Amino acid sequence: MEQILNPLQTSLGLLTMNSPVTVASGTFALENLDFIDQEHLGAYVCKTITRYPKKGNPPPRLYETEAGLLNSIGLQNPGLDKFIEEELPTLKEKLTVPLIVSFSGSSFAEFAQMLEALEKQEGIAGYELNVSCPNVENEGITFGIDPDVVYKLCALLSPLTNRELIVKLTPNVTDIGVIAKAAEDGGATAISLINTIWGMAIDYRNGRSMLKKGIGGYSGIGIKPLALALTYRAAQAIKIPLIAMGGIYNWQDALEFFWAGASMIALGTANFIDPKAVDKIYDGLASFCQKKQVPLKEIVGKVNGLTG
Ligand SMILES: Cc1cc2nc3c(=O)[nH]c(=O)nc-3n(C[C@H](O)[C@H](O)[C@H](O)COP(=O)(O)O)c2cc1C
């Protein structure tokens, strides 16, 4: 059988990558890179940073359910300045793939201020605007549920950069297509989805919430059907590329998302279960494409299947 060349090559705006597999913000520490082959990673998305340091929510803030994970980390991060001074140099040194910086602001002005500071730094290929974190007050999700706000935020930020501007959407909305389209109209170059959905677990014996904060963000296997449906919905509404995530544990899961319209996929909770998930999923996708003699990008959005 003839080998097809670079079957997994993918592009995101101006970036061309050898792999459509990336990692979901907040789930893949830099040390995790030691377990995988960076050739198998399309890009690296760092943990969301905010303007000022955040110590996050009090523990317990992680709980494993029978079908996925609950977290209430609360965007723990060192803040923009320390990120630029200390983390960015390490990231640049260690990474051989494009770096996408995830960040979140508490106002339009703060988003713009953060973007301007990051624009001055080299070695950043793009940004992921986190307008969807369910675990913090007064920011995150409040931005991502209103199409008008998403449009205005993107319209404000897109003229300030030539780098990739990805907007990460929350699933906790009525119509994801409307929000995705608002981001596209505002100048986003890609959409990523989904962030976690609301979730909770209670100790049945004593009524105590398993997370100190009570409600948290639910991720992993249990959210896959929802993530897939929202990927499909959003992909129908936009022309820009879509990075999908939500319960992808293996290459078969990943393929479902490509059929539904994703150009790239990101692994989140899967990294906690198997630190080599990136490699395994890359290999599985590559053999599928070789066996079928089809480059991956040809199946993107062809949800009813290939002919022949
Ligand atoms: C422990 C943990 C921390 C997370 N931190 C962030 C974060 O900082 N920023 C963000 O945009 N999403 C964050 N997420 C959400 C993931 O990036 C991803 O959108 C979500 O988990 C769904 O994908 P999954 O089912 O593959 O985990 C976090 C998820 C987990 C489980």
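Guide: Start at isoleucine 166. Leaving aside residues up to four places away in sequence, isoleucine 166 touches Ile100, Gly126, Tyr127, Glu128, Leu129, Ala188, Thr189, Ala190, Ile191, Ser192 and Ile243. This is a predicted model.

Isoleucine 166 belongs to the largest nonpolar core, which has 86 residues. Ile166, Val167, Ile191, Ala262, Ile265 and Leu267 touch the most other members of that core. In soluble globular proteins, nonpolar side chains tend to be buried together.

Isoleucine 191 stands opposite leucine 242 in E13. Its strand, E10, covers residues 190-193.

Step back to the whole sheet. It is open, has 8 strands and pairs in parallel. The order is E3-E14-E13-E10-E9-E8-E7-E4. Strand E3 (21-23) and strand E4 (44-45) stand at the edges. Each has a single partner strand, so one side of each is left without a neighbour in the sheet.

There is another open sheet, with 4 strands and antiparallel pairing. Its order is E5-E6-E12-E11. Strand E5 (62-65) and strand E11 (197-199) are its edge strands, and each pairs on one side only. From one strand to the next, the twist averages 35 degrees. E5 and strand E6, residues 68-71, run antiparallel and are joined by 4 bridges. Glutamate 64 has leucine 69 in E6 as its bridge partner.

Next comes helix H1. Its 15 residues, 80-94, should span 21 Å at 1.5 Å a residue, and the end C-alpha atoms are 20 Å apart, which agrees. H1 bends by about 45 degrees at glutamate 87. A proline, proline 89, follows within four residues. Leu80, Phe83 and Leu88 of H1 are buried. The buried residues of H1 pack against helix H2 (108-119).

Glutamate 2 lies in the segment before strand E1 (10-12). Glutamate 2 counts as exposed because 6 other C-beta atoms lie within 10 Å. Glutamate 2 and glycine 268 are 266 residues apart in sequence. In space they are 34 Å apart, C-alpha to C-alpha.

Note on methods
Residues are numbered from 1 along each chain as its sequence is written. This is a predicted model: local features need pLDDT of at least 70, side-chain atom pairs count only at pLDDT 80 or more; totals for chains, interfaces and linings use all residues. Helices (H or I, at least four residues) and strands (E, at least two) are DSSP runs, numbered from the N terminus. The expected span of a helix is 1.5 Å times one less than its number of residues. The bend at a residue is the angle between axes fitted to the seven residues ending there and the seven starting there. A residue is buried if 20 or more other C-beta atoms lie within 10 Å of its own, exposed if 12 or fewer, and partly exposed in between; C-beta atoms are placed from the backbone. Two residues are in contact if their C-beta atoms, placed from the backbone, lie within 7 Å. Two strands pair if DSSP finds at least two bridges between them. A nonpolar core is a set of buried Ala, Val, Leu, Ile, Met, Phe, Trp, Tyr and Cys residues joined through C-beta atoms within 7 Å. Axes are lines fitted to C-alpha atoms, for helices over the stretch in contact, and angles run from 0 to 180 degrees between N-to-C directions.
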